[in-house]
There are 2 protein chains.
Amino acid sequence: MSPQSRPPQDAPTEDTVAALGEFGLIRAVTENRVQPEATLLGPGDDAAVVAAPDGRVVASTDVLVQGVHFRLDWSSPEQVGRKAIAVNLADIAAMGASPTSVLVGLACPGETPSATLTELADGMWAEATRAGIGVVGGDVVHADQLVVSVAALGDLGGRPPVTRSGARPGDILAVCGRLGWAAAGLAVLGRGFRSPVSVVNAQRAPEPPYAAGPAAAVAGATSMIDVSDGLLADLGHIASASGVGLDIHTERLRVDQKLVEVGAALGADPRHWVLTGGEDHALAATFPPFADLPQGWHRIGSVLMPDTAVTIDGRPAENGAGWEHWR
Amino acid sequence: MSPQSRPPQDAPTEDTVAALGEFGLIRAVTENRVQPEATLLGPGDDAAVVAAPDGRVVASTDVLVQGVHFRLDWSSPEQVGRKAIAVNLADIAAMGASPTSVLVGLACPGETPSATLTELADGMWAEATRAGIGVVGGDVVHADQLVVSVAALGDLGGRPPVTRSGARPGDILAVCGRLGWAAAGLAVLGRGFRSPVSVVNAQRAPEPPYAAGPAAAVAGATSMIDVSDGLLADLGHIASASGVGLDIHTERLRVDQKLVEVGAALGADPRHWVLTGGEDHALAATFPPFADLPQGWHRIGSVLMPDTAVTIDGRPAENGAGWEHWR
């Protein structure tokens, strides 16, 4: 699409997006990439065509802004690319669907080094490949700030979607994936440290357990969400959508040894990271009382009678408000 | 998703996005909106679910940036919202598909008036409703600049997608929709005028002929594109993708009377707008030699032997480079 006014025309220096140009950039991020079978028509036309064998398509979008969702002094462009894909695919998995593809909208200043964007694309493709999906299309435009907008698609495989609203009293509350690691990494980075690298990398690029979403759906999950804003906050969404109470049993809540160590070093309570830290994109779900939990899932609590609150060992959870933009 | 750092905490003044908050904003733009039948699960969960009866889904994304793709002193937020949806749906139509839904990613400063975003949403919903589709999901985040990222989905209705690469020598070259109006409107606005309102409004919010895309596919269109960068530039994409030449017959090219008048007033050649103006999102397509063109389509030229060039009355077209970001 043509802009209404030309962006400021700095003399394009070598190795910047401005020098590469829009079409050069598109070539750089799409050429020689391997598309999976589900990509029936990839980048290069007005739109892509992706297989949707179920006859329904699951769709979600998340936008990442430099300085808000990532910092290029904390994360490499490759890690930002992986994160941008991961946070979107986690939303697809949380519906019980298997991701099939992503579209990427990229806005950035003309003086952005072209290497930044090719590394960002490398990270996107790395995570897409890990998930078995393709980057099937996109748009690159001029803006004052680096903004990465991703839309993800997925397939339900004939199953009903697992929403936030199906939890029933008596159900089991369970999680799959890391909790608190990204928050610990953020605390480390915030103090100016760069290690331990395991928690710092968890912050830079999460590794959501994509396959655990469809597996939970097959096992009969009654509700599911991806933990993006913190366990308490996201369970709050299930509680209010389902009209139930959710009680976390702290003796079942795993606080990984690495978090205990980092907490001790920083004088912080690692349980706080586990309960309120977002950005690991673990999955939380409820299952019928006698369900066999799929591999990787473990029980952390119970679904109680309707009162739409999240409790910890039966007591009201504090600090569960989670993150809200602009507040 | 939780940001890594809180955005600058200006005291939120009343009637700003900051005062409304993320969830208040989401409510304001999603509540009491009517979803079409194809929206099986709308906003409010981790992802939406949309009907994809064809078993394939057509998907595309376009990003609009304030100051680059729109100016709020030239366009109302409602017009920007309509435009953001229209440019995306035009890409779906250009594949011969019927749009089914859009996802919207919205990034803006906290001091943005909340009315700006609700009017933007009104415009999006107005255009979505005109096209018979739903806004099924989205994301709202903090950024320094207003960025509207839309991803659109569509259904092929059992037909093969109409790509840019299927034009064959001997085919008819045809268009449907306005050409040059948005460019004339931009010229008017650029001189500080606000009328004639018809061309100015064409610039502010295009009205692509969505139904003409699937109709062209049914009529056997061999290639198609939406005219977003200008007729010459976009025909150039068909020419190179199909490996053919495309010749425009100027005696067939309609220059609407309104453009003649505006051209006379501004001392500009209206044919230049028709040939190089983008943003009207007309559709251009090629059809087999004896095809009956669907309603609204008219022939403007011919597909010639392979030489991957666009010509005008057999002579090389000048000024056909079109728009390229950062160049």
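Modeller: A salt bridge is a side-chain nitrogen of Lys or Arg within 4 Å of a carboxyl oxygen of Asp or Glu. The structure discussed here is a predicted model.

Colleague: How many salt bridges does the rule find across the interface of domain 1 of chain A and domain 2 of chain A?

Modeller: The domain assignment places residues 17–155 of chain A in domain 1 and residues 172–316 in domain 2. The side chains of A:Lys83 and A:Glu279 meet at 2.8 Å, N to O. Since the limit is within 4 Å, this pair qualifies as a salt bridge. Across the interface of the two domains, the number of salt bridges found is 1.

Colleague: What area do domain 1 of chain A and domain 2 of chain A bury between them?

Modeller: The C-alpha centres of the two domains lie 26 Å apart. Their contact takes 21 residues from domain 1 of chain A and 21 residues from domain 2 of chain A. Carbon and sulfur atoms account for 57% of the buried area, which is about 1,700 Å².

Colleague: Which three residues supply 35% of the area that domain 1 of chain A buries against domain 2 of chain A?

Modeller: No other three residues of domain 1 supply more of this area. One of them also takes part in the salt bridge with A:Glu279, namely A:Lys83. The three residues are A:Trp74, A:Lys83 and A:Ala94.

Colleague: How many residue pairs are in polar contact across this interface, both at pLDDT 80 or more?

Modeller: The count covers pairs between domain 1 of chain A and domain 2 of chain A. For these pairs, the rule finds 6.

Key: Residues numbered from 1 in each chain as written. Chains lettered and ligands numbered in written order. Predicted model: local features only at pLDDT ≥ 70, side-chain atom pairs only at ≥ 80, totals over all residues. Heavy atoms only, no water. Domains from an automatic or database assignment. Contact = heavy atoms within 4.5 Å. Buried area = accessible area lost by both parts, 1.4 Å probe. Polar contact = N/O pair within 3.5 Å; in protein donor to acceptor, adjacent residues only side chain to side chain.
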